[in-house]
Amino acid sequence: MAAKAGDNPDSLMTLATVFCLRNLRKTMCYQGSRNKLQLRSDIFLPSEICDKLVNTYMELVHTDSNFEPEESFFQLFSDPRSTRLTRVQLREDFVRDRDLEAIKKQDLIELHLTYCNSLSSRSLKTLTSFRETLVSLCLFSCSNIFYRQGGAPLACNEDTEDDEEESPASRQALDTNFSFQGFNRLRLLNLGGLSDEVDAETLLKPLRSLTSLDLSNVQLLGTTFLTQWKDRLASLVLYNVDLSEELVSTVVELVNLRHLDISRESRRTSKFKMTRKILTAIVQRLLNLVSLDISGHIMLDNCTVPHFEEAMGRPSIEPCKSSIYPFQELKRPLQFLGLYDTTLCNVMHIPAYKVTGSKNEDQVLNAIEAYTEFRPELAHRAINQLFDIARIQHCGQLLRALQLVIAALKCHKYDKSIQVTGSAALFYLTNTEYRSDQSVRLRREVIEVVLNGMEQYQEVTVQRNCCLTLCNFSIPEELEFQYSRVNQLLLKILEPARQDESIQRIAVHLCNALVCQVDNHHKEAVGKMGFVKTMLNLIQKKLQDRMCDQVMEFSWSALWNITDETPDNCQMFLNCRGMSLFLECLQEFPDKQELHRNMLGLLGNVAEVKALRPQLLTPQFITVFSNLLDSKADGIEVSYNACGVLSHIMFDGPDVWSMEEPRRDAVMDKMWDAIQSWDVSSRRNINYRSFEPILRLLPQSISPVSQHWATWALYNLVSVYPSKYCPLLIKEGGVGLLEKVLELESSQPETKEMARTCESKIGSSF
């Protein structure tokens, strides 16, 4: 059997790493003094394992809500005699100055810090600890790292230093003491988002050996300083840096460049025009170029071959056939060419193996892949275009598309625009059209990032997209691995009294589906979360609005499902004024058949609990149930369920019937008449998982009408659905109990006749 998309298993290394991180105290650590985690003394971990532990830890912190961060986690790597770190990637505000200080004795080769806004200039001091070994450093969008931390207490001592960091760093004053002096091994540096107050030229001057430099979104006062690396620099990124002829002239002197990125976020923010002359100069002077990004630039028309002159035939990547004049001078096709948000991406012949743009699915996916990590603003727009492709056309690279969107949602958990467009794209990429091509593993990944979005954002669009995406899955089967979490999130959505109507409807539908056909322990757990109360609050609100819509009907249906063979939830229903709401709904909506069926089905569950039946035994409730015996709503369902409620009450015998009106025998007569009126071949809108509540009514003489109702129920089900219910009846010992009905003198002739016929139906079904 062929593997489905995304079915590759995790490596043993990954599985072992995640297990250790989830069970630190049982594997590598013990609880030390002041409850701080300590590494066991007999453990030595090489760099391959330590790097994996730290980087996986960061991923779990940001993508798994069930993962509990350890305050002293980085302290585990403070001693290089027992742990070795070489390549570390840390991101978001979660990372604090003290975390870097904890690992300052390590000989780091790579340190990537992205969006670490809680870091202050204390971390710059820590960086100097790595100056003799560091080869690659990223400080992308660490907006506060060049500033001293503000907000310190008026009176403090050294012991309070850590306490200051309990809240994110707040800017105070620029720290001018830091220098890259002594970072002699540093080759790759990313200073994207460097504050305008920091002089990039002065900061970079000591770094003579750089081969890769990223100055995205940096304001450059001068450009000639770049020439200090003209014989070494292989990669230069100047994304969103204002271009000028002077800067371009400087760039083309860097003759060893293999990757050049002079792209912009949008054409609307650019005053610079990309001319044929400039592009030609780049191609002619930078002979080693294999990757170029000029996205977001205004392109003059003279850059491209007129459409009618384009070489005929299939699109070609041969430079000589290029539809873009300057690229005809390339010696070989580029490995990568960024043309996103330019007119050039629409031409026929582009001499590059991988192109970003918006012309087709491949270009859009390339854009998401290239821009997700450091340019969420572009990734957001590309994902929006993928959404249109999946919605209107057809996604030809389903696995790649899903993996890229999932990666974007994980990487930018706190970016609302990514969460909105990503969750919308997932809705279309997981629908029925694509479902058969997706593995269980891949679909679980989708569910996890959707739940992450629901957790992080209470905003209407994100919530709606996430709920709709969950509707594409088999419920409850595919959601069972996150059962408690998804229920908690849905109940949280339904808490507000005035929730968006469409979200409310979808969320209630999901809640109902989640409690249908699951084990009782799941139902009990969800009941303890407040499920019953939430549904009744929704019903109360709809009653106030005098509206019986899908939310009202789904809420009663969900209560019917969650109370099935679950006495605690039945008790909660009664405790939360459930019976009062039942009566109010009957009075307010006398003609709503589906509503009546759901309500009576629920009360049947309550009536099955012996300890709760006395609460139903009041003149008001018995009169209502008795009157509903005559109902023709939804075929026989309302009448059948009302009779079921009364059958369980009658089963407790005449001694508990303390009321004068209505009289017990009068109600029993009405029950007999109702049962006699039902067509035994009626097809049912009901699903039994167990016959146990019905079977207990068979071997008894205290209430022949209850016995008759139970026998009729079994006779109907094995007659109409023999393949489903005959095996269930045999499994639960129903045949022997039907025999007892035949043996009891108190059993009515009509009941015995049905019991015999029922036995013969079971025999003939095999």
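**Before you start**

Residues are numbered from 1 along each chain as its sequence is written, and side-chain values use heavy atoms, with hydrogens and water left out. In this predicted model local features need pLDDT of at least 70 and side-chain atom pairs count only at pLDDT 80 or more, while totals for chains, interfaces and linings use all residues.

Helix and strand labels are DSSP runs numbered from the N terminus (helices H or I, at least four residues; strands E, at least two).

**Stop 1**

Select His297. It sits in the loop between strand S13 (291–293) and strand S14 (298–299). Its relative accessibility is 1%, so His297 counts as buried (buried means under 20% relative accessible area, exposed over 50%, partly exposed in between; 1.4 Å probe, protein chains only).

Now show its contacts (heavy atoms within 4.5 Å). Leaving aside residues up to four places away in sequence, His297 touches Leu243, Ile262, Ser263, Arg264, Arg267, Ser270, Phe272, Met274, Asp341 and Thr342. For a distance check, pick Glu377: it is 80 residues from His297 in sequence and 16 Å away in space, C-alpha to C-alpha.

Move to Asp341, one of the residues that His297 touches. Asp341 is in the loop between strand S15 (334–338) and strand S16 (352–356). Its phi is near 55 degrees, a positive value in a residue other than glycine. Asp341 is buried, at 15% relative accessible area.

**Stop 2: a salt-bridge network**

Select Lys354, Asp362, Glu369 and Arg400. Salt bridges link these four in a network (a salt bridge is a side-chain nitrogen of Lys or Arg within 4 Å of a carboxyl oxygen of Asp or Glu). By this rule the count comes to 36 salt bridges.

Zoom in on Arg400 and Asp362, whose bridge is 3.6 Å, N to O. Arg400 lies in helix H12 (residues 398–411) and Asp362 in helix H10 (residues 361–371), so the pair ties together parts 38 residues apart in sequence. Asp362 is partly exposed, at 35% relative accessibility.

**Stop 3: H11 against H13**

Select helix H11 (residues 376–392) and helix H13 (residues 416–429). Their axes come within 9 Å and cross at roughly 20 degrees. Axes here are lines fitted to C-alpha atoms, for helices over the stretch in contact, and angles run from 0 to 180 degrees between N-to-C directions. H11 and H13 are therefore roughly parallel (under 35 degrees is roughly parallel, over 145 roughly antiparallel, 65 to 115 roughly perpendicular, the rest oblique).

Show the side chains. Residues of H11 that meet H13 include Ala379, Ile383, Phe387 and Arg391. On the H13 side, look for Ile418, Thr421, Ala425 and Tyr428, among others.

**Stop 4**

Glu455 and Arg485 meet in a salt bridge at 2.9 Å, N to O. Glu455 belongs to helix H15 (residues 440–456) and Arg485 to helix H17 (residues 483–493), so the pair ties together parts 30 residues apart in sequence. Glu455 is partly exposed at 29% relative accessibility, whereas Arg485 is buried at 7%.

Next, select Ile475 and Pro476. The peptide bond joining them is cis, with omega about 10 degrees. Pro476 is in the loop between helix H16 (460–470) and H17.

**Stop 5: H18 against H20**

Select helix H18 (residues 501–514) and helix H20 (residues 531–544). The axes come within 12 Å and cross at roughly 140 degrees. H18 and H20 are therefore oblique to each other. The contact is made by Glu501, Gln504, Val508 and Cys511 of H18 with Phe531, Met535, Leu538 and Lys542 of H20.

**Stop 6: Arg577 and helix H23**

Arg577 is in the loop between H22 and H23. Its phi is near 65 degrees, positive in a residue other than glycine. Arg577 is partly exposed, at 42% relative accessibility.

Which residues of helix H23 (residues 578–588) are buried? They are Gly578, Met579, Leu581, Phe582, Leu583, Cys585 and Leu586. Their cover includes H20, helix H21 (550–562), helix H22 (567–575), helix H24 (593–607) and helix H25 (619–628).

**Stop 7**

The Glu661 to Pro662 peptide bond is cis, with omega near -10 degrees. Pro662 lies in the loop between helix H26 (637–650) and helix H27 (664–677).

Finish at Arg756 and Glu753, a salt bridge with its closest N and O atoms 3.7 Å apart. The two are three residues apart in helix H32 (residues 749–764), about one helical turn.
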